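Subject: Structure handover

Hi,

Here is the structure you will be working with. My notes follow below it.

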Amino acid sequence: MSIRVRVACIGVRESSIVLMKKRIRSYFNYNQLTPPGGGVELHETLEQACIREMREETGLTISDPKLRGIVSYINHTNKDHAVTMFFVSTCLEGELAVLEPEKHVPEWVELSTLSTDERVPDYYRAMIARSLTDTGVFNATIEWLQPDGRFRCTLP
């Protein structure tokens, strides 16, 4: 088993953030909204991965991403483990584009509605809020538990 390194990118423009509506039915977060992001590639910095993932998934170009959180995703039911770095950027250019409609569709979400938007899982709402309000770096854990696959989020 290997531990994957990933990034999640919270892009802020005026009073909105860009989130991805997940379209793959087998994903546990199917039809929910999550930050753009993905795996870090060989010889790529975390910041470079964030910039690349945002561009590949949304068509937007970001600069100067700031690290705001570290999340350990631990799945005890299938022995999967990933560590995701959460970044925030307020320097966005371009127009939102649907580049991978079979996987996910980007959309702008008003910050004023984020806390009540049921399409955004509670744990993501909490991590996004923390990323946007705190200047420090949070450390969270999301675990899928055996045998039934329920999960828990710890965000101190």
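Two strands count as paired if DSSP finds at least two bridges between them. Keep in mind that this is a predicted model.

Start with β2. It pairs antiparallel with β9 (residues 104-110) over seven bridges. In that pairing, Met 20 sits opposite Pro 106. β2 also runs antiparallel to β3 (residues 33-34), joined by two bridges. There, Lys 21 faces Leu 33. With β1, β2 forms an antiparallel pair over two bridges. Val 12 is opposite Ile 17 in β2. The β1-β2 hairpin has two residues between its strands, and Glu 14 has a positive phi near 55°. Six of the seven residues of β2 are buried.

Next, the cores. The largest nonpolar core has 22 residues. Ile 17, Leu 19, Val 71, Tyr 73, Phe 86, Tyr 124 and Met 127 have the most contacts inside it. At least two residues each come from β1, β2 (16-22), β6, β7, α3 (122-133) and β10 (138-144). Beyond its sequence neighbours within four places, Met 127 touches Val 71, Tyr 73, Phe 86, Phe 138, Ala 140, Ile 142 and Leu 155.

Last, the largest pocket. Its volume is about 680 Å³. The lining has 28 residues, with Arg 4, Arg 6, Tyr 27, Phe 28 and Asn 29 nearest the centre. β1 (4-13), β4 (37-39), α1 (46-58), β6 (66-75) and β7 (80-89) each give two or more residues to that lining. By type, the lining splits into 11 nonpolar, eight polar and nine charged residues.

Best wishes

Note on methods. Residues numbered from 1 in each chain as written. Predicted model: local features only at pLDDT ≥ 70, side-chain atom pairs only at ≥ 80, totals over all residues. Heavy atoms only, no water. 1 Å grid on protein atoms, 1.4 Å probe; cavity = no way out; pocket = protein on both sides within 12 Å on 5 of 7 lines; lining within 4 Å. Points joined across faces, edges and corners; volume = space filled by probe spheres on them. Helix = DSSP H or I, 4+ residues; strand = E, 2+ residues; numbered from the N terminus. Nonpolar A, V, L, I, M, F, W, Y, C, P; charged D, E, K, R; others polar. Core = buried A, V, L, I, M, F, W, Y, C linked by side-chain atoms within 4.5 Å. Buried < 20%, exposed > 50% of the residue type's maximum accessible area, 1.4 Å probe, protein only. Contact = heavy atoms within 4.5 Å.
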